[in-house]
Amino acid sequence: MSQIMNVVVFLAGGLGLFLMGMKFMSDGLQTVAGPSLKTLIGAVTNNRILGVLVGVLVTCLVQSSSITSVMVIGFVNAELMMLKQAIGVIMGANVGTTVTGWVLVLDIGKYGLPLAGVFGLIYCFVSKERIKYSALAILGVGLIFMGLEAMKAALAPLANSPEFCDFLRLFEASSFSGLIKCVFIGLVLTAIVQSSSAMLGVTIAMAHQGLIGFETAAALVLGQNIGTTITAFLASIGASRAARRAALFHILFNVFGVLWVIVIFRSYLGFVEYVLEAVFNITDPNMIKTENGVSVAPYMTASIATFHTIFNVVNLLVLLPFTGIVASVLEKLVKKKVVKKKIVATKLDFPLLSSPFAAITQSNREILLMNETLKTMMGDLRVCLTNGPDARKKQDAIFGAESHLDIAQEEITNFLTNLLSNRASLAVANDAERQLRMSDDLETASDYITQILKLHLRMSEKNVAFDEEHSSGILKLHDETTLLVDRVQELLEQANKDERNLSVIRKQGFDITQLVRDLRSMHWSHLAECQYDPLVTTTYTDILNDYRKIKEHLIIAAETGLGVK
């Protein structure tokens, strides 16, 4: 009993180190490669091959197909990516995740502790961000190998236990029923751990100690390919139809691959063994050798990595020509349904917080949508000021939009606050802080738009109106402010923001300020000549001040977006 407890404790410890190593490596690589990730995601088009290549490269950089899939689903949900584009990226992610297996093929287990120790010190004491997070990634690699060696050591005594070996024979993939059992076990365990890479490490550790054969390990890997889809599925709950379709594709793609391999499992293993012999000169993956007095299967890691890679590459090649058909089928399978969800004004996905780059990209999209809403509010306000057709409907639309922006700002603030509470690079943290300030300024601008409408409605209720000169002055000021909203939108949408555009915006702001002064002077001069209702004077000056406030908050938002303090 004590031996079993020792195995369980050390196996759990090794798995914990492995998972922590995967997280550190992923966080470090994502931080260092952040600009590259942004370029890669931006390169995705309707070209399926390019989408696959982007999926492969992004997953190699973040070292997790689950993170890539969650990113893609978040982007689809935020309408930053179309379903057909997402399908290519998800297919490529399945190939990119096989890199983990080849990392484990490197026989550097004994260097895991020195790697973790040296680069752990560098991470703690170096302040330069790129070096710091590069060290974190290598520290993660060291922990991965420490975890793998710990799992191997924990499992080694079981190789000499007849009872445990007899138990494992119940789950060998030597028969069809045994094959199904192994696939199911791999699926369930991966769904629980939510990391196919971690379960691949456990499988390799067991196979390396000779506890399971190559065919059993291969069957477990098949199950792991299905189990890994649970993360993306959970991320799609409550998301848009397109996002749910992307998650469903991820599941169907992996399930389809596993099913056709199960049908030809023996022949498929024969093909993999042929490749192993031709490429690696491995004649028997199950060959046992004695190393340091311990019997191990030294070729098992490379054999499992080869099986994993061939499976995902062939599955990709089989389905790649049919991505258009698959997208059409998914559109029919996933119908529109009413989903009650907590987030009501934005399409922010909290699972994306596991990838700071993806999270900050999605929140930036919501900032742009806030400014677009301001533009719509300004158009509706003009209709109200001129008492145009559908003025009543436009009034309701403005009040609804202002409430919408209130909620949107709250959700963006909550999302970005959660992002900042996690480990984030300085660049991501700065972007998050800028977005927090921008959302506040844009929401405040919407408050002043609503205030102008309220002032206009108050005059209507009192049967008081501006004369033609005052009305034309307000409409001119309104049009100049609307132009400023457009220019701010153009600046925020630019991938590489140009400070010359900010100069244009500031010039526009100066012109608005000057126009406010001219209109106020015109009004005071009229007061000396004519008698006005006091409500006209107070309302007119209040409206001028509100437009000036809108201008100020728009310019601050533009300066913040450009990083100007």
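Is T228 buried or exposed? With a relative accessible area of 5%, T228 is buried (buried means under 20% relative accessible area, exposed over 50%, and partly exposed in between, using a 1.4 Å probe and protein chains only). The model is a predicted one, where local features need pLDDT of at least 70 and side-chain atom pairs count only at pLDDT 80 or more, while totals for chains, interfaces and linings use all residues. Residues are numbered from 1 along each chain as its sequence is written, and side-chain values use heavy atoms, with hydrogens and water left out.

T228 sits in the loop between α12 (214-227) and α13 (230-236); helices (H or I, at least four residues) and strands (E, at least two) are DSSP runs, numbered from the N terminus. Leaving aside residues up to four places away in sequence, T228 touches S65, S66, T190, S196, H250 and N254, where contact means heavy atoms within 4.5 Å.

T228 also turns up in the lining of the largest cavity, along with S65, N94, T97, S196, L200, V221, Q224, N225, N254 and H308. Here a cavity is a set of points, on a 1 Å grid over the protein atoms alone, where a 1.4 Å probe fits but cannot get out, and lining residues have an atom within 4 Å of a point. This cavity holds about 70 Å³ of space, and the structure has two cavities of 30 Å³ or more (grid points are joined across faces, edges and corners, and a volume is the space filled by probe spheres set on the points). Two or more lining residues come from each of α11 (196-208) and α12, with α12 giving the largest share, three residues. By class, the lining has two nonpolar, nine polar and no charged residues; Ala, Val, Leu, Ile, Met, Phe, Trp, Tyr, Cys and Pro count as nonpolar, Asp, Glu, Lys and Arg as charged, and the others, Gly among them, as polar.

On to the packing. The largest nonpolar core has 98 residues, and M91, L374 and Y547 touch the most other members; such a core is a set of buried Ala, Val, Leu, Ile, Met, Phe, Trp, Tyr and Cys residues joined through side-chain atoms within 4.5 Å. Helix α18 (residues 356-385) supplies the largest share of this core, 13 residues. Not counting residues up to four places away in sequence, L374 touches L405, L442, A445, S446, I449, V485 and L554. A second, separate core of 53 residues includes L200, V258, V272 and F307.

Helix α23 (residues 534-561) has 28 residues, which at 1.5 Å a residue should span 40 Å, and its end C-alpha atoms are 41 Å apart, in agreement (the expected span is 1.5 Å times one less than the number of residues). Because 20 of its 28 residues are buried, α23 is largely enclosed by the rest of the structure. G563, with a positive phi near 80°, follows α23.

K394 is part of helix α19 (residues 391-421) and is partly exposed, at 26% relative accessible area.

Finally, some backbone angles. Most residues other than glycine have a negative phi. N281, though not a glycine, has a positive phi of about 60°; it lies in the loop between α15 (265-280) and β1 (289-291) and is exposed at 62% relative accessibility. N463 also has a positive phi, near 55°, and is exposed, with a relative accessible area of 72%, in the loop between α20 (426-461) and α21 (468-493).

Definitions and conventions
1 Å grid on protein atoms, 1.4 Å probe; cavity = no way out; pocket = protein on both sides within 12 Å on 5 of 7 lines; lining within 4 Å.
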